[in-house]
Amino acid sequence: MLRVAFSKRLLRTVPEHSRVIASSITTEGVTGVITNGSYAEYNDIPRKVSKRWFSSTRISAFSYANIVKSMEMKFDDLTVKEKQILTEERAIDKVDVCIVGGGPAGLATAIRLKQLDLEKGEGNLRIVVLEKASSMGGHTVSGVILEPIAFRELFPDSEYYNDTDNTKENGIPLPADIVTKVTGENLKFFLSPKIGLPVPEPPQMVNKNKNFIASLSQVTAHLAEKAEELGVEIYPGIAVSDIIYGKTKDTNETYVKGVATKDLGIAKTGRPKANFERGLEFHARQTVFAEGCHGSLTKNIIKQFDLRNGRQNQSYGLGIKEVWEVKDENFKPGFIAHTMGYPLTNDVYGGGFQYHFGKNLVAVGIVVGLDYKNPWVSPYQEFQKLKSMPFYTKVLKDGKCIEYGARALNEGGLQAIPKLYFPGGLLVGASAGFMNVPKIKGTHTAMKSGILAAEEMFNVIKELPSLEELEESSVEELVDQPINLESYELAFKNSWAYKELYEVRNIRPSFNSALGGYGGMAYSGIDSYVFKGRVPWTFGFHKSDAKITKLAKDYKPIQYPQPDGKITFDIMTSVSRTGTFHDEDERCHLRVADQNLEKHASVSYKNWKGIESRFCPAGVYEYVKDEKSALGVKFVINSQNCIHCKTCDIKDPSQDINWEVPEGGDGPKYTVT
């Protein structure tokens, strides 16, 4: 029996498969006891975040997670029977289009493709969306301010339009209860916690009376419903772990044949458990990767087909967000604010935000560019400092934090978008990187990429025999030759999305000069008001956000304030608000070379002094004292805390951490992020 502190009240017994094993956690609230077969329920969070299961834990130095890390066996060391079980032939399902990832881009692709199929085709295309979250929108987190242009294109005759406050010209085709129109905004640069200077916003950046505040997780859930109404097959709780490659008969060239879902029931030891289930293969005429920023499969696709050849390397940011229920007197419906400067130093790109939406809800957050050089920086702790500023505290005071989330985002802009097509498939949305960084928006451009991809795929697939015709003719291959859809990239270059990103392409990289934030602000002002992107140069980026990180000895450690438990929180309290769950007896999805944690630490800790524990916003990585170790510490991976932000895969200076998908349905359970 292990003791754990709960931030909420109710302890209940649940089925054996939902067990949590935990050691001590520092959270606010009462103390309870977790045993096998028990967990905690949030019973007093209002609105749509009620009754969420708590399963996020931190494992101590002598924890189960740490004990079994040396127990994971290599495949060659398994028994013959175990090897046979793990490599048995997968069942195969054939579809026209398989979309990996059920975010806004993936769903826009599915919706537009099915619309065309019903309007101009036979209506029998099989379009499948595979989403690793347990529910649609469950892994989706963003600010978010929505530009309606892509929604209007996707739903030109929506039932949500009216003749008054939500017309086709000034509205958005989404339910009124999940969007709030921006009615006021400001932008400030803070020199200190209390001194903030107003900054004028370029016309193209203005949101007032044009754009809408929302929860992107709720918007995603709505889009999934619309897709299902059209006949798209939506499968949440399905993690996709492998790409199925084929070889052309005539030229022996590699192409994407489809994907395979993750095997279920593999223990931490690497052995198949009694409930083991082999994954399923989906073979498709086109496989669309819509995994979001730095997707695990997309990363491999880019490498396999050299899609970055002639393109810049991607640069990233980490967005951290909380949703608060605030007092009536602190709530301004439709008000948004963005801040720059403090608490971030001049050499760290980023800024804060607060968005007032719904019924007394305020989204507050920070975005920190992951190209910071100082390894002592902690984005999570910078977020706590941000909330301590009077500009934010006066809004949050006496309120209640009801949800927390974090996710990496693309910041490379147009020049970092890879080649969008390859034999057998496409990249859409944040998998490619359509984020408009100066606008702090990417949903509209991501959805536009999906719309364009759908239109180009339909033009080709509509001319092919149907799946039923192939089956009747006993034809195994779905296409004679892999579809290599160059027309998709050409369509993007002729779209408003390309023009929008081209205009702002130099703004984010301008912050990477020796002048840092001040130089970037100066150039951005000139470019936004005068040049508007019409210059003969395009700024580039560094090799990677990992490689730019300097050694710990080059900087002084940063001492961050202790949390007060009211406005600022320790990291485990925050993680408890994500609803994150992973099976305790599951193969670790955070991989280092040979899963040798000691070897990883021997390089990483020596040079960067525990940077993993600082860049991770979920307490997944920690170094605990260990007198037996030559380093004096032991590296621990608390994979059950992982909220799937992908920061570790991006920022780890040694590039030894590889993020893989855990079992389907694992991870956070966002509802209003």
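These are legends for a set of close-up views of a predicted model.

**Figure 1. The whole chain, for orientation.**
The protein chain has 673 residues, and 60% of them count as buried. It holds 17 helices and 29 strands. Take the contacts between residues at least 6 apart in sequence: 76% of those join residues at least 24 apart. A search of the whole structure turns up 29 salt bridges, and a few of them get their own views below.

Glu281 sits in strand β18 (residues 280-289), while Arg90 is in the loop between α2 (80-86) and β6 (91-100). That puts the partners 191 residues apart, so this pair links distant parts of the chain. Are these two buried or exposed? Both Glu281 and Arg90 are buried.

**Figure 2. Lys168 and Asp157, a salt bridge inside one loop.**
The N to O distance for this salt bridge is 3.0 Å. Lys168 and Asp157 both lie in the loop between α4 (149-154) and β9 (179-181), so the pair ties together parts that are eleven residues apart in sequence. Asp157 is exposed, with a relative accessible area of 64%. Lys168 has 42%, which makes it partly exposed.

Elsewhere, salt bridges with shared partners join Glu72, Arg587, Arg591 and Glu660 into one network.

**Figure 3. Helices α3 and α5, side by side.**
The axes of α3 (residues 104-120) and α5 (residues 216-230) come within 9 Å and cross at roughly 20 degrees. Angles under 35 degrees count as roughly parallel, so α3 is roughly parallel to α5. The crossing is left-handed. On the α3 side, the contact is made by Pro104, Leu107, Ile111, Lys114, Gln115 and Leu118. Facing them in α5 are Leu216, Thr220, Leu223, Ala224, Lys226, Ala227 and Leu230. By type, the residues of this contact split into nine nonpolar, two polar and two charged.

**Figure 4. Ser315 and its surroundings.**
Ser315 is in the loop between α6 (296-304) and β19 (316-325). With 0% relative accessibility, Ser315 counts as buried. What is Ser315 in contact with, leaving aside its neighbours within four places in sequence? The list is Asp371, Leu409, Asn410, Glu411, Gly412, Arg508, Phe541, His542 and Asp545. As for α6, its buried residues are Ser296, Leu297, Thr298, Ile301 and Ile302. Just after α6 comes Asp306, which takes a positive phi of about 50 degrees.

**Figure 5. Two cis peptide bonds.**
Most residues other than glycine have a negative phi, and most peptide bonds are trans. Going from Gly143 to Val144, the peptide bond is cis, with omega near -5 degrees. Val144 belongs to the loop between β7 (127-131) and β8 (145-146). The peptide bond from Tyr342 to Pro343 is also cis, and its omega is near 10 degrees. Pro343 lies in the loop between β20 (335-341) and β21 (350-357).

Asn209 is not a glycine, yet its phi is positive, at about 65 degrees. Look for Asn209 in the loop between β11 (196-198) and β12 (212-214); the residue is partly exposed, with a relative accessible area of 48%. Asp398, again not a glycine, has a positive phi of about 65 degrees. Asp398 sits in the loop between α8 (390-396) and β23 (400-410). At 55% relative accessibility, Asp398 counts as exposed.

Methods
Residues numbered from 1 in each chain as written. Predicted model: local features only at pLDDT ≥ 70, side-chain atom pairs only at ≥ 80, totals over all residues. Heavy atoms only, no water. Salt bridge = Lys/Arg side-chain N within 4 Å of Asp/Glu carboxyl O. Helix = DSSP H or I, 4+ residues; strand = E, 2+ residues; numbered from the N terminus. Buried < 20%, exposed > 50% of the residue type's maximum accessible area, 1.4 Å probe, protein only. Axes fitted to C-alpha atoms, helices over the stretch in contact; angles between N-to-C directions. Parallel < 35°, antiparallel > 145°, perpendicular 65-115°, else oblique. Left-handed = near helix turned anticlockwise from the far one by under 90°. Contact = heavy atoms within 4.5 Å. Nonpolar A, V, L, I, M, F, W, Y, C, P; charged D, E, K, R; others polar.
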